[in-house]
Amino acid sequence: MTNIDQAKQAVRERVWRRLIDGGGAPADSYGKIPGFYGTEGTAEQLAGLDEWRRATTVKANPDWAQLPVRVRALKDGKRVYMAVPRMASLEPFYLLDPKNLGLPPEEAAEKKGAAQVARRLGVESMEPIDVVVCGSVAVNRSGARIGKGAGYSDLEVALLIEAGLVTDRTVIVAPVHQLQVIEDDIPETEHDFSVDYIVTPDEVIPCTNRRRPSGLVWNDLAAEKIAAIPVLAARHQA
């Protein structure tokens, strides 16, 4: 583990404990993208943004904490691309089309429901994305964020950037509990991206220090990681 990895993990540990001890999330949120209290409020706050109203296509992570945002997107008539858990497919994204769901939005937007009714797509079959919704453990007001450490959000965004689907016009948002918003610096590496808005149950915080990779940073990927993710393994071999 590098010094930066150690520093990131220290931030995670501190925020998980702060969030749980502060009553912002149940105890089983430790070690995960936290399923914080007030998730429905983040969906309401996000829906008030002009960028959300204009959006037709949203990419969201599959974590429980972002379920209300995925549901709201479908109810607002937006197509939702949801990452297949652990990107365990050569077609690593589900497409949830509000015109053809087959289940109520509340069920279709869950991992189990999406696996039942959504089409799986590779990036070559996807449309440009207006809003990216990412799960986070910690964020600061500059827009720097940390996930739980598995790196899937970074890989998903990098793939979409390389495919020209996430562009400078795409808005990236992090729905979190207020206790996950920290004042500390968050270490960043070449593959990290920042968020344009932090969305809590009570407010929307604009971030001005935009940071995005140009695509996949292969030097940051361990051989085991590449081998475990089919779409990366296929690209690496090519």
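This short report visits a few loop residues and a charged surface patch in a predicted model.

**A patch of positive charge**

Let's start on the surface, where Lys 32, Arg 86, Lys 111 and Lys 148 gather in a patch of positive charge. One of these, Lys 148, sits in the loop that links strand 7 (145–146) to helix 7 (152–162). Its relative accessibility is 41%, so Lys 148 counts as partly exposed.

**Two neighbours in one loop**

Arg 86, also a member of that patch, belongs to the loop between strand 2 (79–83) and strand 3 (93–96). Met 87 is found in the loop between strand 2 and strand 3 too. Most residues other than glycine have a negative phi. Arg 86, however, has a positive phi near 60 degrees, and Met 87 has a positive phi near 50 degrees.

Which is Arg 86, buried or exposed? Arg 86 is exposed, because its relative accessible area is 59%. Met 87, by contrast, is buried at 0% relative accessibility.

**A buried aspartate**

Now look at Asp 196, in the loop between strand 9 (181–182) and strand 10 (197–199). With a relative accessible area of 9%, Asp 196 is buried. What does Asp 196 touch, leaving aside neighbours within four places in sequence? Its contacts are Thr 170, Val 171, Ile 172, Ile 205, Pro 206, Cys 207, Arg 210 and Arg 212.

| Residue | Relative accessible area | Class |
|---|---|---|
| Lys 148 | 41% | partly exposed |
| Arg 86 | 59% | exposed |
| Met 87 | 0% | buried |
| Asp 196 | 9% | buried |

Conventions
Residues are numbered from 1 along each chain as its sequence is written. This is a predicted model: local features need pLDDT of at least 70, side-chain atom pairs count only at pLDDT 80 or more; totals for chains, interfaces and linings use all residues. Side-chain values use heavy atoms; hydrogens and water are left out. Patches are made of residues with over 30% relative accessible area and no salt bridge: like charges are joined within 9 Å, nonpolar side chains (Val, Leu, Ile, Met, Phe, Trp, Tyr) within 5 Å. Accessible areas come from the Shrake-Rupley method with a 1.4 Å probe; for residues, only the protein chains shown count as cover. A salt bridge is a side-chain nitrogen of Lys or Arg within 4 Å of a carboxyl oxygen of Asp or Glu. Lys and Arg count as positive and Asp and Glu as negative; His and the chain ends are not counted. The place of a charge is taken as NZ of Lys, CZ of Arg, CG of Asp or CD of Glu. Helices (H or I, at least four residues) and strands (E, at least two) are DSSP runs, numbered from the N terminus. Buried means under 20% relative accessible area, exposed over 50%, partly exposed in between (1.4 Å probe, protein chains only). Contact means heavy atoms within 4.5 Å.
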